[in-house]
Amino acid sequence: ELFKSKVDNPAAEFWDAVLDKNDWFIASGEYYFWDVLAAIVLVHPEFCEGTWTAIDIGYEFTEDPWLPTSDMSIANTRWDGQPRRHLNPATAGVTRAGEGSANTLVCMQTYPQKAFDLFVETLTD
């Protein structure tokens with residue numbers, strides 16, 4: 001409701017429409033705002049409440065594209081002439097607690113209201 005009362009430009013109108021389409025989800029109390037929240041925390045680490053947790057996100061490359069979602073019209077070489085690599089779907093995105101080889105830091109607890117306030121302030125005049 002606070003955001004809706006401040007909508008004053010096309011970008012804010014877009015997000016207002018997104019939130020309207022998800023009003024049932026928001027009302028459920030389970031709506032997640034984590035894509036935007038993750039971006040805000042990345043740019044403003046002070047929005048992370050508590051500590052950052054080290055995790056390892058698995059990935060392995062393969063020569064074989066995963067056909068259910070691969071766009072086969074994309075060239076087999078990248079812009080720099082190197083061969084295009086594909087992620088092995090069996091290992092891509094598998095997470096585990098980092099033990100010395102952690103390749104990612106994750107904020108496990110955020111200040112969501114503070115982040116939403118910044119979101120509203122950024123999108124509206």
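Which residues lie nearest the centre of the largest pocket? In this predicted model, the residues nearest the pocket centre are E1, L19, I26, Y31 and F116, out of a lining of 17 residues. The space within the largest pocket amounts to about 510 Å³. Four helices, α1 (2–6), α2 (10–21), α3 (23–27) and α5 (112–123), each contribute at least two residues to the lining. By residue class, the lining of the largest pocket comprises nine nonpolar, six charged and two polar residues.

The loop between α1 and α2 contains N9. The relative accessibility of N9 is 17%, and because buried residues are those under 20%, N9 is assigned to the buried class. The side chain of N9 makes polar contacts with backbone atoms. One of these contacts is to the backbone nitrogen of A11, at 3.0 Å. The side chain of N9 also reaches the backbone oxygen of L123, at 2.6 Å. L123 lies at the end of the range given for α5 (112–123), a helix that supplies at least two residues to the lining of the largest pocket.

The strands were examined next. Strand β1 pairs with β5 in the antiparallel sense, through four bridges. An antiparallel pairing also joins β1 to strand β4 (residues 95–97), in this case over three bridges. I55 takes part in both pairings: T104 stands opposite I55 in β5, while A97 is the bridge partner of I55 in β4.

A search for disulfides across the whole structure returned one. This disulfide is formed by C48 and C107, with a separation of 2.3 Å between their sulfur atoms. The two cysteines are 59 residues apart and belong to distant parts of the chain: C48 is located in the loop between α4 (34–43) and β1 (52–57), and C107 in strand β5 (residues 104–107). The torsion about the S-S bond of C48 and C107 is about 105°, and the disulfide is therefore right-handed. Both C48 and C107 are buried. Strand β5, in which C107 is found, is thus described by two kinds of link: the disulfide from C107 to C48, and the four bridges that join β5 to β1.

Definitions and conventions:
Residues are numbered from 1 along each chain as its sequence is written. This is a predicted model: local features need pLDDT of at least 70, side-chain atom pairs count only at pLDDT 80 or more; totals for chains, interfaces and linings use all residues. Side-chain values use heavy atoms; hydrogens and water are left out. On a 1 Å grid over the protein atoms alone, a cavity is a set of points where a 1.4 Å probe fits but cannot get out, and a pocket is an open set with protein on both sides within 12 Å along at least five of seven lines; lining residues have an atom within 4 Å of a point. Grid points are joined across faces, edges and corners, and a volume is the space filled by probe spheres set on the points. Ala, Val, Leu, Ile, Met, Phe, Trp, Tyr, Cys and Pro count as nonpolar, Asp, Glu, Lys and Arg as charged, and the others, Gly among them, as polar. A disulfide is a pair of cysteine sulfur atoms within 2.5 Å. Buried means under 20% relative accessible area, exposed over 50%, partly exposed in between (1.4 Å probe, protein chains only). Two strands pair if DSSP finds at least two bridges between them. A polar contact is a pair of N or O atoms within 3.5 Å; within protein, one must be able to donate a hydrogen and the other to accept it, and residues adjacent in sequence count only if both atoms are side-chain atoms.
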